[in-house]
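Dear colleague,

Please find below the structure that I am handing over to you. My notes on what was found in it follow directly after.

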Amino acid sequence: MQQASPEQPSLVTLVNPAGTLWRGAGQVLNNGQTLGQLTWRLTPSSLLQGKAGADIDLMLNNPRSNASGGDLTGHVAANQTQAQLALAGAFTGSWVSQWLKEYEVTIDGEFTTDNLEAQLNPNQALQTLSAKGDLTWSGGLVSYRLGNTMARQRLGSMNAVIKGNMETDEGLSAEVFGQETYPLLVLAMLPNGHVKVSITQRLTEIVGSPWPGSEPDHEFVLVVEQAVF
């Protein structure tokens with residue numbers, strides 16, 4: 001099990017806003033790194049539910065080229081005690097790869113979703129975050145460090161089922177399925193500030209590094225947990 005010292009959670013900020021409160025645009029940064037260009041249009045009907053709401057569009061930056069990293073659209077609504085977000089759209093594997101540099105992982109392909117939802121209390125964002133939805137990866141070439149070398153594998157499409165609540169011991173999780181009826185991989189964000197990755201025997205075979213044991217395919221044979229905030 002690998003442990004790391006806790007870090008502060010990333011800070012999402014809006015800079016260089018233009019337009020008006022009703023309709024405008026600005027750059028979204030995550031801990032100082034540009035995520036993309038956000039545009040918004042307020043929806044007065046949300047006021048009937050006691051919240052300020054807006055339709056949003058986030059054009060993501062692709063750090064590897066001048067091409068777009070993807071486009072996510074949706075709706076956000078919030079008051080002093082609750083914020084809700086619904087998103088749909090697509091983003092590229094290369095856009096995801098920029099967040100995996102320290103792990104020496106790169107991903108091709110495209111990710112899509114049409115039902116991703118999240119909500120939280122703005123005053124205690126991480127402690128109250130909940131989410132649900134599906135995220136589909138088209139498949140493609142994945143590169144990662146294996147010992148002293150960089151391995152490359154072309155994988156088939158996969159689907160992640162996202163669910164959970166940070167107010168429970170289980171936290172938030174993403175169960176990743178391939179063609180099998182059981183999850184190949186489970187990613188979990190826990191209330192104690194750790195992220196846990198659980199990998200099955202079958203996934204070690206798929207990526208070309210079979211686990212040296214006789215465990216069944218669905219068994220989790222490798223579990224890594226690391227503090228992230």
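Asp55 and Arg41 form a salt bridge, in which the closest N and O atoms are 2.8 Å apart. Because Asp55 belongs to strand β4 (residues 52-61) and Arg41 to strand β3 (residues 33-42), this pair ties together parts that are 14 residues apart in sequence. Asp55 is partly exposed, with a relative accessible area of 29%, and Arg41 is partly exposed as well, at 35%. Please note that the model is a predicted one.

A search of the whole structure finds 5 salt bridges.

The side chains of Glu205 and Arg202 meet at 3.2 Å, N to O. The two residues are 3 residues apart in helix α3 (residues 201-206), which means that about one helical turn separates them. Glu205 is partly exposed at 32% relative accessibility, and Arg202 is partly exposed with a relative accessible area of 27%. Together with Glu180, Arg202 and Glu205 are linked in a network of salt bridges.

The search of the whole structure finds 4 aromatic pairs. In one of them, the ring centres of Phe91 and Phe111 are 5.3 Å apart and the ring planes lie at 10°, so the pair is stacked. Phe91 is part of strand β6 (residues 83-92) and Phe111 of strand β8 (residues 110-120), so the pair ties together parts that are 20 residues apart in sequence. Phe91 is buried, with a relative accessible area of 12%, and Phe111 also counts as buried, at 12% relative accessibility.

Trp95 and Trp99 form an aromatic pair that is edge-to-face, with 5.9 Å from centre to centre and 75° between the planes. Trp95 is buried, its relative accessible area being 13%, whereas Trp99 is partly exposed at 28%.

Strand β9 (residues 130-137) pairs with strand β12 (residues 158-165) in the antiparallel sense, over 6 bridges. Within this pairing, Thr136 stands opposite Asn159 of β12. Strand β12 also runs antiparallel to strand β13 (residues 171-177), to which 7 bridges join it. Strands β12 and β13 form a hairpin, with 5 residues between them.

Finally, a word on the confidence of the prediction. The mean pLDDT of the chain is 89, and 94% of its residues reach 70 or more. Over residues 1-9, however, pLDDT stays under 50. For that segment the model has 17 contacts beyond four places in sequence.

Yours sincerely

Methods: Residues numbered from 1 in each chain as written. Predicted model: local features only at pLDDT ≥ 70, side-chain atom pairs only at ≥ 80, totals over all residues. Heavy atoms only, no water. pLDDT = per-residue confidence, 0-100. Contact = heavy atoms within 4.5 Å. Pairing = 2+ DSSP bridges. Helix = DSSP H or I, 4+ residues; strand = E, 2+ residues; numbered from the N terminus. Phe/Tyr/Trp six-rings, centres within 6.5 Å; stacked < 30°, edge-to-face > 60°. Buried < 20%, exposed > 50% of the residue type's maximum accessible area, 1.4 Å probe, protein only. Salt bridge = Lys/Arg side-chain N within 4 Å of Asp/Glu carboxyl O.
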